[in-house]
Amino acid sequence: MLLAGLGFALPARAEVLRLDHRARLWAHAQALPGLMAEHKVPGLALLLLQAGKPAWSTCLGHGGGPAKKPVTPGTVFELASMSKPVLAWLAMRLVQAGRLQLDRPIVEIIPLPFATPQPGQERITPRMLLSHQSGLPNWRAGGDAAPLLLQAEPGQRFMYSGEGYYLLQQVVERVAGQPLQALAERELFAPQGMASSTFEWRPGLDGRRAFGHDEAGLALPRQDYARANAAYTLYSSLDDYGRFLAAMLRPDMSAAMLVPQVKAGDREPVIRPEPARGRSVHWGLGWVLDDTAGGRIAYHSGTNSTGFRSYCQFAPERGSAWLLLCNGLGGGKLWRHLAATLGDL
């Protein structure tokens, strides 16, 4: 079913979707239930933006749990690593305000979390953290109680790091003088009308919250993140994250974030049809960047072991974007299938 209930000025579809695009989207919508069954995904929410505005959406299946409520644009999912671009956006707001310098060593801002000094630690900067060049691992073995060690020389190569984004969160909180949740509320969630978004679980959202599911489609225990971690704890909805993507499509908000910082040598471009097929992968400030014949596409995915998969991409030169939220571990295969066939509209 097509939904026009998104709360941020959803225009008439005919005004923004050409006939060929509507035909393609209808074909994809018809295929979605079969893909959900194949990959054991109980529910999903999909949104397309064109000309910087929401143009088309569909919500299918249920959120799991005893009630199995139908998924809607307001259903709350875990967005996993799609938390990271939100922190990047907040960091860049501080840069624009002159309060954070991208190339200032963070040792001048916060105490470093190393139990013993690490060679090169004094060179780590916000730019390196934003673009995954800090040399930190994704997550340390043994959890927070284990020592944090550099795995590569800072600034020398790409190495995806959740630890790096949590460290950047601490830098941002110190500079802003606020914890992440309060800063996000003030600078992004409240101004953009993202009332269902939070880095720390709020019981008031329980009635709209989806359950995650494993690869067999079985419900997994819910995870109530009491402590904000900008690498993975964002809860949000199709409606809310769509607002964030609409903001990202504004050049004044995203231009500096989409400048390539480092080649991601261990990453392959997302498979898409021409002219959206990626030629090379770089990392910007918070976003993955594919160079394509049709222009640059920025994107990010999200993977939490609690049973959620998410993906979004946007093409700033064309003002287009799409967003997919799934409450099943099979959602990773589903979004890759959509990318390979839908590409960019």
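**Local geometry and a helix contact**

Biologist: Why is Lys 68 called partly exposed?

Modeller: The relative accessible area of Lys 68 is 49%. Buried means under 20%, exposed means over 50%, and partly exposed is in between, with a 1.4 Å probe and protein chains only; Lys 68 is therefore partly exposed. This is a predicted model, in which local features need pLDDT of at least 70, side-chain atom pairs count only at pLDDT 80 or more, and totals for chains, interfaces and linings use all residues. Residues are numbered from 1 along each chain as its sequence is written, and side-chain values use heavy atoms, leaving out hydrogens and water.

Biologist: What makes His 132 buried?

Modeller: His 132 has a relative accessible area of 1%, so His 132 is buried. Its phi is near 60°, a positive value in a residue other than glycine. Most residues other than glycine have a negative phi.

Biologist: Why are H3 and H6 called roughly perpendicular?

Modeller: Helix H3 (residues 84–96) and helix H6 (residues 180–189) pack at about 75°. Helices are DSSP runs (H or I) of at least four residues, numbered from the N terminus. Axes are lines fitted to C-alpha atoms over the stretch in contact, and angles run from 0 to 180 degrees between N-to-C directions. Angles under 35 degrees count as roughly parallel, over 145 as roughly antiparallel, 65 to 115 as roughly perpendicular and the rest as oblique; H3 and H6 are therefore roughly perpendicular.

Biologist: Which residues of H3 meet H6?

Modeller: With contact meaning heavy atoms within 4.5 Å, Val 86, Leu 87, Trp 89, Leu 90 and Arg 93 in H3 meet residues of H6, among them Leu 180 and Glu 187.

Notes:
Helix = DSSP H or I, 4+ residues; strand = E, 2+ residues; numbered from the N terminus.
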